[in-house]
Amino acid sequence: MVAFGEDAKTLYHGLVKTQEYKSWYLFELFKMALFVQNKPLEKNIMIEDILGNKMKAVEIFSLAIEYIKTEVINTLTDETRMNKATINVMTDIHWVLTVPAIWNDLSKKFMRDAATRAGIPDEMLTLALEPEAASLFCKEQLGVGTLPSGHRYMVLDLGGGTADITVHQVNDDGTLSEIHQPTGGDFGGTNVDNKFVGILVQIFGADIFQKFKKDCMDEYLDFMQNFEIKKRNFDGSTKLILRFPIKLREMYEQDVGASVESSVNQTLFGNKLEFILDKLVINVELAKTLFDEAVGNIVRTVEELMVAVKPIYHILLVGGFSESPYLQSVMRKTFDVAFGGEAKVIIPNEPSLAVVHGAVLYCLKPFAIAARVCKYTYGIARLMRFEEGHPDNKKVRIGDKYYCDDIFNKHIEIGTQINIANAEIVKAQTYYPSRSDMKQAVLEVYASPHKDPKYIDENGCQFVGLIKLDIDPKGDMYSELLVKLMFGGTELRIQVTDVKQNIVTNACVDFLG
């Protein structure tokens with residue numbers, strides 16, 4: 001790895017100009033690879049770079065974290081800045097890594113593993129949930145003393161990839177309690193980029209556009225950078241005017257044998273965009289449609305939360321996408337006006353930095369978030385004696401007895417509010433080895449959006465991860481394993497007691513394979 005962030009783009013752009021870029025890898029928006037829904041995250045997931053070259057995600061994440069770590073350490077050990085302060089980089093620095101609240105447990109474990117691989121000691125690392133961190137920062141900006149007990153507000157962390165939304169209530173002691181499970185989805189700012197590229201593909205065809213991207217990378221990067229600037233400034237009242245790449249026009253007309261203008265007039269976009277000399281002009285109506293899906297999903301989710309949780313006094317927008325003038329105008333028109341001023345939309349100073357400022361506040365005061373709401377019903381797969389009403393396809397025989405497989409044994413229900421200080425006070429559930437000679441127990445953890453799932457393969461049920469631990473039942477198939485799933489923190493914690501050996505193990509969810 002040679003560069004990160006804007007430096008990486010600048011360096012790659014220079015390589016493009018000298019035609020050296022094809023042996024280099026440029027990865028963008030790779031964090032989105034860890035946002036998976038309705039399926040487990042794969043440990044060895046691969047990520048494609050801008051040209052489709054692949055690398056293991058864990059390598060890319062580790063390199064990025066290591067780069068940031070090195071930058072920080074170089075600053076903290078610079079004698080000219082630190083006035084001869086001596087810092088032990090392994091024991092004097094506690095690191096906070098922020099993750100979306102809507103990520104699943106394996107995605108969080110993936111980030112922790114990547115940080116460990118980057119040289120951050122596990123015991124010196126805290127994962128902070130991004131909308132929570134932003135909420136702490138915004139609470140400081142709103143004024144700690146001015147927010148009365150019971151005051152409720154919603155925080156929308158709108159980044160490039162995801163929208164991450166949480167609702168907090170101020171407690172008597174000034175701490176915050178989450179009063180609704182985190183929600184959101186993949187409707188961040190890059191959704192707008194994808195819609196724009198989708199229009200270009202419809203006009204020019206996927207093959208020609210991909211060839212343009214591969215063979216004319218310099219013009220492609222300039223074109224997309226120009227769109228990014230226009231996107232950030234679009235307020236819903238003026239046309240988008242972009243410099244259009246000459247090479248893309250030439251490729252298309254040479255391949256198709258018709259002008260771009262005549263071809264566009266035969267599409268749905270004929271009266272909504274036009275080519276004038278070297279400019280692409282997109283009218284206001286079409287420009288708004290680029291934002292419709294992302295902004296529409298954000299508005300709909302907020303409306304649903306405002307019905308589920310009443311009253312909400314403020315809506316706070318943070319993250320890069322929250323700086324969009326068009327998004328801000330839609331949010332203000334929808335919620336400041338439609339709700340009669342009931343909820344006031346606020347954009348704090350430097351909304352893109354709210355999460356990183358809040359992450360520091362969270363690490364200094366980890367109990368500033370006093371309670372969280374469980375976003376799923378969690379349970380562990382188990383066998384139980386086969387009874388009338390159990391489906392025949394789940395009937396298994398062990399020895400001379402019949403059991404029902406795939407039972408969802410519930411540990412905690414969706415919507416349960418958990419006090420952080422008492423997170424460890426949970427009832428242990430009892431499990432047994434499936435064989436008397438087992439040397440390793442493997443328990444499967446599942447999550448469901450429903451309150452009372454019966455089986456692990458029901459609609460909406462998803463695999464969370466494995467709990468693996470060494471055991472020795474000493475020939476006793478009824479040797480007890482007491483399992484606690486402890487919620488309330490930013491990561492799921494697991495404690496398993498092997499009663500036969502009187503051994504207590506702290507475990508975590510692990511990947512398949």
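**Exercise 1. Is phenylalanine 61 buried or exposed?**

Solution. Phenylalanine 61 has a relative accessibility of 4%, so it counts as buried (buried means under 20% relative accessible area, exposed over 50%, partly exposed in between, with a 1.4 Å probe and protein chains only). Phenylalanine 110, with a relative accessible area of 3%, is buried.

A word on the model before we go on: it is predicted, so local features need pLDDT of at least 70 and side-chain atom pairs count only at pLDDT 80 or more, while totals for chains, interfaces and linings use all residues. Residues are numbered from 1 along each chain as its sequence is written, and side-chain values use heavy atoms, with hydrogens and water left out.

**Exercise 2. How many aromatic pairs does a search of the whole structure find, and of what kind is the pair of phenylalanine 61 and phenylalanine 110?**

Solution. Start with the count: the search of the whole structure gives 20 aromatic pairs. Rings of Phe, Tyr and Trp (its six-membered ring) pair if their centres lie within 6.5 Å; planes under 30 degrees apart are stacked, over 60 edge-to-face, and the rest tilted.

Next, take our two rings. Their centres are 5.6 Å apart and their planes stand at 80°, so phenylalanine 61 and phenylalanine 110 form an edge-to-face pair.

Phenylalanine 61 belongs to helix α2 (residues 57–76) and phenylalanine 110 to helix α4 (residues 105–117), so the pair ties together parts that are 49 residues apart in sequence. Helices (H or I, at least four residues) and strands (E, at least two) are DSSP runs, numbered from the N terminus.

**Exercise 3. Which parts of the chain does the pair of tyrosine 446 and phenylalanine 463 link?**

Solution. First the geometry: tyrosine 446 and phenylalanine 463 are edge-to-face, at 5.6 Å centre to centre with 70° between the planes. Then the location: tyrosine 446 is in strand β19 (residues 440–448) and phenylalanine 463 in strand β20 (residues 462–470), 17 residues apart. Last, the cover: tyrosine 446 is buried at 11% relative accessibility, and phenylalanine 463 is buried at 10%.

**Exercise 4. With which side chain does the side chain of histidine 168 make a polar contact?**

Solution. Begin with the position: histidine 168 is in strand β6 (residues 163–170). With a relative accessible area of 1%, histidine 168 is buried. Its partner is the side chain of serine 135, at 2.7 Å. A polar contact is a pair of N or O atoms within 3.5 Å; within protein, one must be able to donate a hydrogen and the other to accept it, and residues adjacent in sequence count only if both atoms are side-chain atoms.
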